[in-house]
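Grab a pencil and let's work through a protein model together. Try each task yourself before you peek at the solution.

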Amino acid sequence: MDYASTTPIDPRVLEAMMPYFRERFGNTMSPHSWGMEAREALERARETVATFIGANPMELIFTSSATESNNLAIKGVALANRGRGRHIITSKIEHPSVLEPCKWLKKNGFEVTYLPVDVHGIVDPGDVEEAIRRDTILVSIMHANNEIGTVEPIKEIGEICGERGVYFHVDAAQSLGKLPVNVEEMRVDLLTLSAHKIYGPKGVGGLYVRDGVRLEPLLHGGGHEYGLRSGTVNVAGAVGFAKACEIAREVMYEEAEKLGRICRRLIHEMLGIDGVHLTGHPEKRLPTIASFWLEFIDGERLIMELNERGVAASTGSACSSGKIEPSHVLLAIGLNERQAKSGLRLSIGRWTTEDEVDYVIECMRGIAAKYRGM
Ligand SMILES: *Cc1c(COP(=O)(O)O)cnc(C)c1O
């Protein structure tokens, strides 16, 4: 029930990667045949991943994670375009790997506007339009939220940014492989990807950078990845990421439909338990995330109770230095501090079964009965 945190690697992905750990271990920068073999594998992988998102291979670079891609997109655009302006727009419900670079930029002379969201977690494109100023250089809004699954009106926001001549970055780490992600249809300039959320390996991410976007690299060195990300490339990782995209391209629609059905039943049964409330949008949500806040138990304790029953789940509230912090996403959709510490995210994926859903519901009914009396 925690596929949104990370997924097991698909056996077909692992198989595709193995030769690049063993005999095909070359460095892509080497001029000899081992290097050429690695280079060819890397470029094939780049083409597969780029095609999956409707991009040109020359516009896609491999990174170590979505976290790195978000940092590079935000800090890279800010540093390369500070002569044009120093204002950035984002939302209150972004992933920490977007919010923290923004915070760092603020300490370094930039201004950041954090747009509010409605009770379902939706950013109003009209708010984006109003927030754009003459010195705005970048808008960064996620495609789908990782805590509550809400899908944002990316196309509308992309159109506004295009008209106003402001770069538009989208974190698609959570939506890739579950919803269609196409850089032309979404009108984005930069797009963040991660392999380990779609049954690929950990330690590989991607960043789409539209031709012509001015970006300052964060890592300087040998000039790998078109000079935007120096460091010997993780070829096995890129090959695995590409295989994961290839599989997703084949099964995505069927899988989303099947998981959507399971997820709707999970939500329906959960809402039958007294004191359980849905978070996120009733329809505009990922087919894989069921999210709630609960009246009778806090998130940390609930995760422990579920863990004791063999269930992995997640709460949005981060536990920093022993103290439970309320989820910034749940606060942004209007919940109070106590409610925002009681979030539960059940996320499903490729190998989730109906029996597992039955078992989780049974566990939740037991936990609710135990804590409601307390
Ligand atoms: C998981 C996730 C990230 C971070 O991805 P990593 O590859 O683990 O760094 C960023 N944004 C969103 C929306 C995510 O779900």
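The model is predicted, so local features need pLDDT of at least 70 and side-chain atom pairs count only at pLDDT 80 or more, while totals for chains, interfaces and linings use all residues. Residues are numbered from 1 along each chain as its sequence is written, and side-chain values use heavy atoms, leaving out hydrogens and water.

**Exercise 1.** Find the domains and say how far apart their C-alpha centres lie.

*Solution.* Start with the bounds, which come from an automatic or database domain assignment: domain 1 covers 11–247 and domain 2 covers 252–373. Next, take the C-alpha centres of domain 1 and domain 2: they lie 28 Å apart.

**Exercise 2.** Describe the interface of domain 1 and domain 2.

*Solution.* First, look at contacts (heavy atoms within 4.5 Å): 29 residues of domain 1 touch 26 residues of domain 2. Second, take the buried area (accessible area, 1.4 Å probe, that two parts lose on being put together, summed over both). Domain 1 and domain 2 bury about 2,200 Å² between them, with 64% of it on carbon and sulfur atoms. On the domain 1 side, Glu147, Ile148 and Tyr199 lose the most area to domain 2, together 32% of what that side buries.

**Exercise 3.** Work out which residues come nearest to the ligand.

*Solution.* Of the 13 residues around the ligand, Thr67, Asp171, Gln174, Ser194 and Lys197 come nearest. Now zoom in on atoms: a ligand oxygen is 2.6 Å from an N or O atom in the side chain of threonine 67. Likewise, a ligand oxygen is 2.8 Å from an N or O atom in the side chain of histidine 196.

Definitions and conventions. Polar contact = N/O pair within 3.5 Å; in protein donor to acceptor, adjacent residues only side chain to side chain. Near = heavy atom within 4 Å.
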